[in-house]
Amino acid sequence: MAEQAPSGGLRHGLERLGHGITSKIWRLGFAARFFLYILLHSGTAFGRFRLPVREIYFAGVLSLIIILVSGLFVGMVLGLQGYDTLQRYGSSEALGILVALSLVRELGPVVAGLLFASRAGSAITAEIGLMKATEQIAAMEMMAVDPIARVIAPRFWAGVISMPLLAALFSATGIFGGYLVGVQLIGVDEGAFWSQMQASVDVRNDILNGVIKSLVFGVAVTWIAVFEGYDAPPTAEGVSGATTRTVVTSSLAILALDFVLTALMFTGGNAR
Amino acid sequence: MKRSTIDIWVGAFVAAGFAGLLFLALKVGNLASFSTSQTYQVEAKFANIGGLKVRAPIKSAGVVVGRVSDVRFDNESYEAVVSFSIDAGYQFPRDTSAKILTSGLLGEQYVGLEAGGDGVMLKNGDRLRLTQSAVVLENLISQFLFNKAAEGKDGK
């Protein structure tokens, strides 16, 4: 009997582990099918143009304040810190390059993506989860309205459209913040700041790659957000858990994707 | 379908987003200085280009007059062939010489053009005859060390 207990516990643990893994794979497959379904049914969402526009308002316009203010402060901090390091090597004119490249390549897409995930992604999940909990989605199905075309696809496309625009605004205000601190406050030469920046920021290699990054992050964040909302257990606890999972999963997805994209984009480009 | 207040906010947001992208492309990047100007192509052979990269600036008297458009290896002469695209607004005599220079001690490398005295101007597809290779710091240092070592031997 004394030997039975640990082996029973072990079997129980193995069962739970197996169940956990199978359910994760199950969810992943469902999420992939859900993604394809959204893509197939997005024609209806764009046919009624009002729907995505309304969602862009909620996901994009209402995220503007946090994006612009954080962009400004991130740029200002980059200006201060970058100046502090660069002036040791007597190259404080390179501040423009440092601020612009770090914002356009990395910080713009990544920080805007993280903010977007916590500001708009969580709201999308909570909204869809509550619609499910209050049986609005079931009611739509009863009325032969496809909830994916009517509810999910407009939100998905609104996120995909908003994210690159928000990231571009984040980078632009960040560079302006770096300019304010570097040129106006510290006194780096204005001409050197802009001309060195223009000489080394490449439109295709740096700016376009940053836009592609933010587009990929937009797809990932909104996909995770709409899926978690749609898949949430229709209870108060389920919706709150799904909202948390959206923020955690999409933040991790952004950071992991960022590494992969950076490895693909910038190592090849720099080797030339 | 009526227009509503949401539309104006979304419109303003999309316009601001594109304005941000335009700002990045024009003011932060260098799209404007490139797509608009006409260029002509000139080639030059160098024994060693050091760390010269495609898109490095070409300067004459310190003014940027063009960019390096291509770097390749010539299999017959075992030399590097560098193509320059020079802004059509700048004309150079045919006997102009090209040097590979470094901005600052450890800065990026660029091509310096020194105008000659010929009356005939360079045209598209021409090749510069007079070139001077990049100074490779390692070679310079090892030369210096060898000289020092040789001096030391002679002194004894």
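## A right-handed crossing in chain A

Helix 5 of chain A passes helix 8 of chain A in a right-handed crossing (a crossing is right-handed if the near helix is turned clockwise from the far one by less than a right angle, and left-handed if anticlockwise). Helices here are DSSP runs of H or I with at least four residues, strands are runs of E with at least two, and both are numbered from the N terminus. This is a predicted model, in which local features need pLDDT of at least 70, side-chain atom pairs count only at pLDDT 80 or more, and totals for chains, interfaces and linings use all residues. Residues are numbered from 1 along each chain as its sequence is written, while chains are lettered from A and ligands numbered from 1 in the order in which they are written.

The axes of helix 5 (residues 95–133) and helix 8 (residues 190–200) of chain A come within 7 Å and cross at roughly 50° (axes are lines fitted to C-alpha atoms, for helices over the stretch in contact, and angles run from 0 to 180 degrees between N-to-C directions). That makes helix 5 of chain A oblique to helix 8 of chain A (under 35 degrees is roughly parallel, over 145 roughly antiparallel, 65 to 115 roughly perpendicular, and the rest oblique).

Which residues of helix 5 of chain A meet helix 8 of chain A? They are A:Leu95, A:Gly96, A:Ile97 and A:Ala100, and their partners in helix 8 include A:Phe193 and A:Trp194 (contact means C-beta atoms, placed from the backbone, within 7 Å).

## Another helix pair

Helix 4 (residues 64–86) and helix 7 of chain A have axes that come within 7 Å and cross at roughly 40°. These two helices of chain A are therefore oblique to each other. Their contact has 17 nonpolar, eight polar and no charged residues.

## The sheet of chain B

Now for chain B, where eight strands form an open, mixed sheet in the order 7-1-4-3-2-6-5-8 (strands pair if DSSP finds at least two bridges between them). Strand 7 (126–128) and strand 8 (131–132) of chain B are the edges, each pairing on one side only.

## Where the chains touch

The contact takes 25 residues from chain A and 20 residues from chain B. Helix 7 (147–186) of chain A is among the helices supplying at least two residues, and helix 7 of chain A gives the most to that side, with six residues.

Note on methods: Contact = placed C-beta atoms within 7 Å. Nonpolar A, V, L, I, M, F, W, Y, C, P; charged D, E, K, R; others polar.
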